[in-house]
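Dear colleague,

My notes on it follow directly after.

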Amino acid sequence: MQKNNLWLAVSLFCNKQYWRDLMFKGIQPFLKTCAHNNLLKAYHLQFNYSGGENIRFPLLIAEDKTQETAMFIDSYFKSCFSQAPAMDNLMPVRGNRIFMDFPVNTIQYGLYTPDSTINLHSDVNFRMNFSALLMESFSDGGIDDTGILTLSLCLYLTLMNVTVQNSGLQFDDLMVMPFQFPDVNEKIIETEAFYKNFESNKKSLFELTHDIMNQSELLPYWLRKWHYLCELKFKQPGDGNEPILTGDAIYFEISHYINIHLGLSENMNFLLLSFIRKMTAVNDHEIYN
Amino acid sequence: MGSAKLNISFCTVCLNNESQLQQTLPANLEDNEDYDNLEFVLVDGNESDQLGKWIKNNLGKYLESGRLVYYRLAEPGAFHPALAKNTSIKLGSGEIVCHINASEYTGLNMAAYVNEVFKVDNNITLISNPVTFHEPTNDHPAGYMVGKLCLKKNAFMAVGGYDERMLKPGNEDIDLLNRLKLHGTGKMLITNPVFGRSLNQKTGKGFSVCKSLNNVVNIYISHCTPAISEIIFLYKDQYFEKGMLIDHSRIAADNYCSSYKKPDFQYRYSLREIEKRGKWKESIPKNVIHLYSEPNHNICLKSFYRNRYDVLESSVQGARFHAVTNPWVMEKLLTLNSIYYNQLIMEDNVQQKRVQVNPSGFRKVLLTSNFQQHSSCYN
């Protein structure tokens, strides 16, 4: 896959409230144009906050078309951002930031090295499908922290369900693994908002968990697709050249992708897993029919 | 070459590393008892009262015999590593002087080994393997230190000793070796493991940053571009440092070629112009901070009005510096400062092909010798 191909490290900076617009008015039409001209081999989408709110958009292209493709991308997104609503693009200056953020509505390059794991054919495809699904999941609403956390919850619960169904692991095994950090209890105590959030959303969260665990027909299409993608990862562990992973390794790999693509910070990840643990601890017998 | 044993001085400085010295020094004295023409010079940076008492109580016999000479800095806080090492080596009376770090064990009969080596070739610097004081990362280069370094005192003095512009720990030994090479002095590595033992030297990193954290009054940042920030460090001793921090991964981020070209930098960060150092003073109640240039501190480089949000506003260029309050950010900035401060001076010495430093001689410091309160000596 990597032979004669090359990854471009592209970052699109704009306020999170406009990420949805960027995806549907900028990225999606761009992908269609590229598909039409056969410009792209693969792409990924990753929410990111380094240097300001941005969407990382690594693109796999043919090496012999590097310059012309890079120029095309540059002019496309510059034109796209020029049509964005005018706004103050100066970020508030904060002393605890070592560097100022990049201006909003700009395209920047080379700020990261595309993950080395994406050399593997199956990973590239999995993450590309995941990126497409990510866009689809936000087709109905704007993007904010609560939306990202809820999406992460759905993705994690589905992944856990698939892992339990396709490996010798139990739900408890998956819950234990992320909670081996020594300071985890202190963090729970300190996160007062966590309890408040949990109590106020307990009913709907429990219903959501119940639906996911029982693969309800009511689940949105993209989530059922995610279930399928995860299942595929367990059932078709790559081509013949790739190492065969154990169940827990596959689980960790996919959960790593969730964290990377949704830009989950350590705190957000912790909050999310705390939700899941709380729900499963309280209603363990009720989760499955 | 005669057969008489060379006069050797093992010189050690103690800058807040008493616990290490209390382990190594007694062992080093015992391990070299068979070599007559040897003295141990210990310079105490006076960071606490404990070391002097401990020396008196535990190593009195060596003081009485003259085997150990103990010097103590009269005023605490006046030492930095380069100055402290110069002081101890200058006080050594041997024709061969060895800087032995407080964390280093000499090993059995190291003095005899040094004698043998220098009898064969005295135009060398005999060193232990440099160790990383600051681990290198993708972000910044390593800071190195050499635990044991032996050479002819004449050669040491000819190159002006350690560069006293290097006010922070790390790389001062490497800079000395660079200049000794230009002077024509070769280098030889101590390969015998008997002479290679040491305590964990990486504690030095924590010490340097912790010391800076304790000494810092405030750190201020002015964001120039997404890739460049100007930093001001204000210290309790009224010194300030100012420099430009550069994130090389961001410098050309607006150029689409950066999306596919390999980075042309070795380390992500660099700190430039950190040598802009002088004294600072705050006018109260006006809340105006003045930065004065070295050496006489009589030229005011810049003045800032400190507003109620702890933001420094320059009256001249309109630059605004925001106070850093996050301990993680402070530590990161102090670490980079510590690494790049000496690194820049070392690079400058290399570029200028500078052999001799400290053209006016070593800085003079007031010391007491062997607990004689009233007979102070100037180094």
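**Findings in chains B and A**

B:Glu95 is located in the loop that connects helix H4 (81–91) and strand E4 (96–100) of chain B. Please bear in mind that the model is a predicted one.

I begin with the surroundings of this residue. With a relative accessible area of 43%, B:Glu95 counts as partly exposed, because that class covers values between 20% and 50%. Once neighbours within four places in sequence are set aside, B:Glu95 is in contact with B:Leu6, B:Asn7, B:Leu151, B:Lys152 and B:Lys153. Its C-alpha atom also lies 7.8 Å from that of B:Ser9, although 86 residues separate the two along the chain.

Among the buried residues of H4(B) are B:Pro81, B:Lys85, B:Asn86, B:Ile89 and B:Leu91.

The largest cavity holds about 40 Å³ of space. Its lining consists of B:Thr12, B:Leu21, B:Thr24, B:Leu25, B:Asn28, B:Phe40, B:Ile100, B:Asn101, B:Ala102 and B:Thr106. Helix H1 (residues 18–31) of chain B supplies the largest share of that lining, with four residues.

I turn now to chain A. Its secondary structure comprises eleven helices and seven strands. Of the 289 residues in chain A, 51% are buried. Among the contacts in chain A with a separation of 6 or more, 79% are between residues 24 or more positions apart.

H1(A) has 19 residues and reaches 25 Å from its first C-alpha to its last, which is close to the 27 Å expected at 1.5 Å a residue. Where does the kink in H1(A) lie? A kink of about 30° is found at A:Ile27, shortly before the proline A:Pro29. A:Ile27 is itself one of the buried residues of H1(A), which also include A:Trp19, A:Leu22, A:Met23, A:Gly26 and A:Phe30. Just after this helix, A:Asn38 adopts a positive phi of about 55°.

With kind regards

Definitions and conventions. Residues are numbered from 1 along each chain as its sequence is written. Chains are lettered from A and ligands numbered from 1 in the order in which they are written. This is a predicted model: local features need pLDDT of at least 70, side-chain atom pairs count only at pLDDT 80 or more; totals for chains, interfaces and linings use all residues. Side-chain values use heavy atoms; hydrogens and water are left out. Helices (H or I, at least four residues) and strands (E, at least two) are DSSP runs, numbered from the N terminus. Buried means under 20% relative accessible area, exposed over 50%, partly exposed in between (1.4 Å probe, protein chains only). Contact means heavy atoms within 4.5 Å. On a 1 Å grid over the protein atoms alone, a cavity is a set of points where a 1.4 Å probe fits but cannot get out, and a pocket is an open set with protein on both sides within 12 Å along at least five of seven lines; lining residues have an atom within 4 Å of a point. Grid points are joined across faces, edges and corners, and a volume is the space filled by probe spheres set on the points. The expected span of a helix is 1.5 Å times one less than its number of residues. The bend at a residue is the angle between axes fitted to the seven residues ending there and the seven starting there.
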